[in-house]
Amino acid sequence: MSTSFAAALHDLRPGASAQAAAITRGVSGPATTVPSRTITLTHGLERLRCASLLKPLYCWAAAAHLTDQGFWRGHAEPAVVSSSNSDTRALWLAVGPAVILEEIQRRTGAAWSRGNGDPSRFGSVEVAAAEVATAYTALAQAAFAGDPVAADVLSWMREVPEGQAFGVREALAVPDAAIKCGWYGGADESWLRTHAVAVIPRGGTGVTVVVGLTAQLYTNESERELYQARLAEGLPVEAEHERACGPLLRGLMSTAHNEVIA
């Protein structure tokens, strides 16, 4: 582990998990190839759930299996821009979980399976940060090569508001980065999960993708009760994720970004 990653993990609580990954790849011009580099870090669990982080990929995959593009766009845009669970679920069920995950594997190589239980729970898919980075690299390069659906998805990621961004764009010093962030803490979980992906164009089909996954331990009983009460009432909980996980998430992502472009 690099000393920079060790410093980033300083805020990780005992028993918690964190992952980071970054990829730089592609061709930036007629005669210029971007040096291909990959950086990964895994501390704790090897696979984590990060439902919102996968929504743009689900939308990209779903479009190929829907004849009604108005239906697709009407659900895909809010799924990406405002992280709408209901719109994501509409696409997930209209196309089918198995079909969406098979399409993602065909396009990106990322082989994911849905968890046991209710098939409508798109958030049960468990992934590794390196897999997410690889999948988004494929999405970005498809967009740069002329895939209109991939281009739409990336454009919506650029519209993700700062209130949902956890300062990731500022941490990477890329104010126009296409990003997607997510946050959740289940009643049956002992941690808060906060995660983000950033897609940074390098010209041509060149791209850098940075991913951070965190699961900070969250065992204070009164804090958990208040958090769950806010969730039940539909109130925002981003501030609590920022308090518990924001510095860690930004530290992991900025470190991965700096090392992959060094």
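Trainee: How do the residues of the lining of the largest cavity divide by class?
Mentor: A cavity is a set of points on a 1 Å grid over the protein atoms alone where a 1.4 Å probe fits but cannot get out, and lining residues have an atom within 4 Å of a point. Ala, Val, Leu, Ile, Met, Phe, Trp, Tyr, Cys and Pro count as nonpolar, Asp, Glu, Lys and Arg as charged, and the others, Gly among them, as polar. The lining divides into four nonpolar, three polar and two charged residues.

Trainee: Which residues line the largest cavity?
Mentor: This is a predicted model: local features need pLDDT of at least 70, side-chain atom pairs count only at pLDDT 80 or more, and totals for chains, interfaces and linings use all residues. Residues are numbered from 1 along each chain as its sequence is written, and side-chain values use heavy atoms, without hydrogens or water. The lining is Gly185, Gly186, Glu189, Trp191, Leu192, Tyr218, Arg224, Tyr227 and Gln228.

Trainee: Which element gives the most to the lining of the largest cavity?
Mentor: Helices (DSSP H or I, at least four residues) and strands (E, at least two) are runs numbered from the N terminus. Strand 8 and helix 9 each supply at least two lining residues. With three residues, the top contributor is helix 9.

Trainee: Which residues lie nearest the centre of the largest pocket?
Mentor: A pocket is an open set of points with protein on both sides within 12 Å along at least five of seven lines. By class, the lining of the largest one has nine nonpolar, nine polar and seven charged residues. Of its 25 lining residues, those nearest the centre are Ser52, Lys55, Asn85, Trp183 and Tyr184.

Trainee: Which elements give two or more residues to the lining of the largest pocket?
Mentor: Two are strands: strand 7 (178-184) and strand 8 (191-203). The others are helix 4 (85-95) and helix 9 (221-232).

Trainee: Is Ser52 buried or exposed, and what is its relative accessible area?
Mentor: Ser52 sits in the loop between strand 5 (48-49) and helix 2 (55-63). Beyond four places in sequence, it touches (heavy atoms within 4.5 Å) Ser83, Lys180, Cys181, Gly182 and His195. Buried means under 20% relative accessible area, exposed over 50%, partly exposed in between, with a 1.4 Å probe and protein chains only. Ser52 is buried, at 11%.

Trainee: How many of the residues of helix 2 are buried?
Mentor: Lys55 and Pro56 are among the buried ones, and so are Tyr58 and Trp60. They pack against helix 3 (69-81), helix 4, helix 5 (97-108), helix 6, helix 7 (148-157) and strand 7. Helix 2 is mostly covered, and its buried count is nine of nine.

Trainee: What does Trp72 touch?
Mentor: Residues up to four places away in sequence are not counted. The partners are Cys59, Ala62, Ala63, Leu66, Leu91, Val149, Asp152, Val153 and Trp156.

Trainee: How many disulfides does the structure hold?
Mentor: A disulfide needs two cysteine sulfur atoms within 2.5 Å. For Cys50, the nearest cysteine sulfur, that of Cys181, is 11 Å away. The disulfide count is zero.

Trainee: How far apart in space are Thr205 and Ser17?
Mentor: Thr205 lies in the loop between strand 8 and strand 9 (206-217). It is partly exposed, at 25%, and touches Arg25, Gly26, Val27, Gln141 and Phe144 beyond four places in sequence. Thr205 and Ser17 are 188 residues apart in sequence, and their C-alpha to C-alpha distance is 33 Å.

Trainee: Which residues is Ser254 in contact with, leaving aside its neighbours within four places in sequence?
Mentor: Ser254 belongs to helix 10 (238-260). It is buried, at 18%. Its contacts are Ala171 and Leu172.
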